[in-house]
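Please examine the sequence and the structure shown below.

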Amino acid sequence: MPKTSARLLSMLSLLQARRDWPGALLAERLDISPRTVRRDVDRLRELGYPVVAVKGPEGGYRLDAGTELPPLLFDDEQAVALAVALQIATTTGAGIGEAAARALHTVRQVMPGRLRRRIDTLQVTAVEPPARRAGPQADSGVLMALSGAVHAREELRFDYARADGDTTGPPPRRTQPHHLVTWGGRWYLVAWDLDREDWRTFRADRITPRTPTGPRFTPRELPGGDVTAFVVNRFQGSYGSDGSGHWPCRGEVILGLPAAEVSRYLRDGLVEEWGPDRCRLVLGSWSWAGLAATVGTFDADIEVVGPPELREAFARLARRYAGAAADRPEGT
């Protein structure tokens, strides 16, 4: 039988791995008697771990939530994953960068030497686009309040600041919050606006929740039934009542490049092989000029299939580029 300390760590690891453990199965996994299981459970309780007994035909145990955070047990992969997540926490837009740095320092202090050396060699620099760094981050307390209202399915009132930061003007928004999501380094609340009777996405960094929350509600079904598709469609600028979203401008061209080469640089879109050195590309964008410019980034011959608006956008860009490339007298 392993020593008590090693046995307790093994039991704690098992209790963290699943919700409920029948006593007999726990004894079998640890190769100890049910009586020893009961004694070890009592020892874990004395150390501050809230292990509760589960009633039932077989009986068992569960590691429950407590009033304080006891020491946690991580395997090697979990410890490395936690360290990486804490290092890139500044890119989440949740305003927890300083807290994440303190948490990483705390976790590192209690790691075994072999894990600490692995973490020290895994230095991650979280780089954000300049525009994202300049924007305000959502307060972690606000995120907790929004998440709590979503989980409890309670109506939420909040003041919503304008883009310039002005909080005066419109009355508080009354919503039925459905999802808290992150997109492009910002946090958004997806909610049904009770006054406007429509779906809305609100930036969390502009929200100031009001208390108390309102009555409970039965959630409506999002258009399309999928929050990911709904948010993507919203930010693409279009969504239908059936949840079918699309870019405002969508066109088709034939490129003088292999499909394999084009597909490596696309975030979305359809690429189809049309020969060894040609491919069909269907792509969307905010504007026809933007779509034409995106296609033009592929250094290849272009044949426009349609629609006519895309062909006209290429013509406009051609005139502008030709004017920019023309020789002009100095000083004009």
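## The surroundings of Ser-285

Ser-285 touches Trp-247, Pro-248, Cys-249, Gly-290 and Leu-291, when residues up to four places away in sequence are not counted. Contact here means heavy atoms within 4.5 Å. Ser-285 belongs to strand β11, which covers residues 279–285. Helices (H or I, at least four residues) and strands (E, at least two) are DSSP runs, numbered from the N terminus. The relative accessibility of Ser-285 is 12%, so this residue counts as buried. Buried means under 20% relative accessible area, exposed means over 50%, and partly exposed lies in between (1.4 Å probe, protein chains only).

## Basis of the model

The model is predicted: local features need pLDDT of at least 70, side-chain atom pairs count only at pLDDT 80 or more, and totals for chains, interfaces and linings use all residues. Residues are numbered from 1 along each chain as its sequence is written, and side-chain values use heavy atoms, with hydrogens and water left out.

## Overall composition

The protein contains 12 helices and 12 strands. It has 332 residues, of which 33% count as buried. Among contacts between residues at least 6 apart in sequence, 55% join residues at least 24 apart.

## The five-stranded sheet

An open sheet is formed by five strands in the order β7-β6-β5-β4-β8, with antiparallel pairing. Two strands pair if DSSP finds at least two bridges between them. Strands β7 (198–203) and β8 (207–210) are at the edges and have a single partner strand each, so one side of each is left without a neighbour in the sheet. On average, neighbouring strands of this sheet are turned by 45° against each other, direction ignored. Axes are lines fitted to C-alpha atoms, for helices over the stretch in contact, and angles run from 0 to 180 degrees between N-to-C directions.

Which strand pairs with β4 over four bridges? Strand β4 (residues 156–160) pairs with β8 in this way, in the antiparallel sense. Asp-159 stands opposite Thr-208 in β8. Helix α8 (residues 140–152) lies across β4, β5 (173–183), β6 (186–193) and β8, and runs at about 115° to β5.

## The packing of α11 and α12

Two packed helices are described by the angle between their axes and the distance between the axes. Helix α11 (residues 288–296) packs with helix α12 (residues 308–325) at an angle of about 70°, and their axes are 8 Å apart. Helix α11 is therefore roughly perpendicular to α12. Angles under 35 degrees count as roughly parallel, over 145 as roughly antiparallel, 65 to 115 as roughly perpendicular and the rest as oblique.

On the α11 side, the contact is made by Trp-288, Ala-289, Leu-291, Ala-292, Ala-293 and Val-295, and on the α12 side by Glu-309, Leu-310, Ala-313, Phe-314, Arg-316 and Leu-317. These residues divide into 10 nonpolar, no polar and two charged. Ala, Val, Leu, Ile, Met, Phe, Trp, Tyr, Cys and Pro count as nonpolar, Asp, Glu, Lys and Arg as charged, and the others, Gly among them, as polar.

## Two arginine residues

Is Arg-7 buried or exposed? With a relative accessible area of 5%, Arg-7 is buried. Arg-7 is found in helix α1 (residues 4–17), and its side chain makes a polar contact with the side chain of Asp-40 (2.5 Å). A polar contact is a pair of N or O atoms within 3.5 Å; within protein, one must be able to donate a hydrogen and the other to accept it, and residues adjacent in sequence count only if both atoms are side-chain atoms.

Arg-45 lies in helix α3 (residues 34–46) and counts as partly exposed at 35% relative accessibility. Leaving aside residues up to four places away in sequence, Arg-45 touches Val-51, Val-52, Ala-53 and Tyr-61. The side chain of Arg-45 reaches the backbone oxygen of Val-51 at 2.7 Å.

## Backbone features in the loops

The peptide bond from Thr-211 to Pro-212 is cis, with omega near 0°, and Pro-212 is in the loop between β8 and α9 (227–236). A cis peptide bond also joins Gly-306 and Pro-307, with omega about 5°. Pro-307 lies in the loop between β12 (302–306) and α12.

Asp-31 is a residue other than glycine with a positive phi, near 60°. Asp-31 is placed in the loop between α2 (23–30) and α3 and is exposed, with a relative accessible area of 66%.
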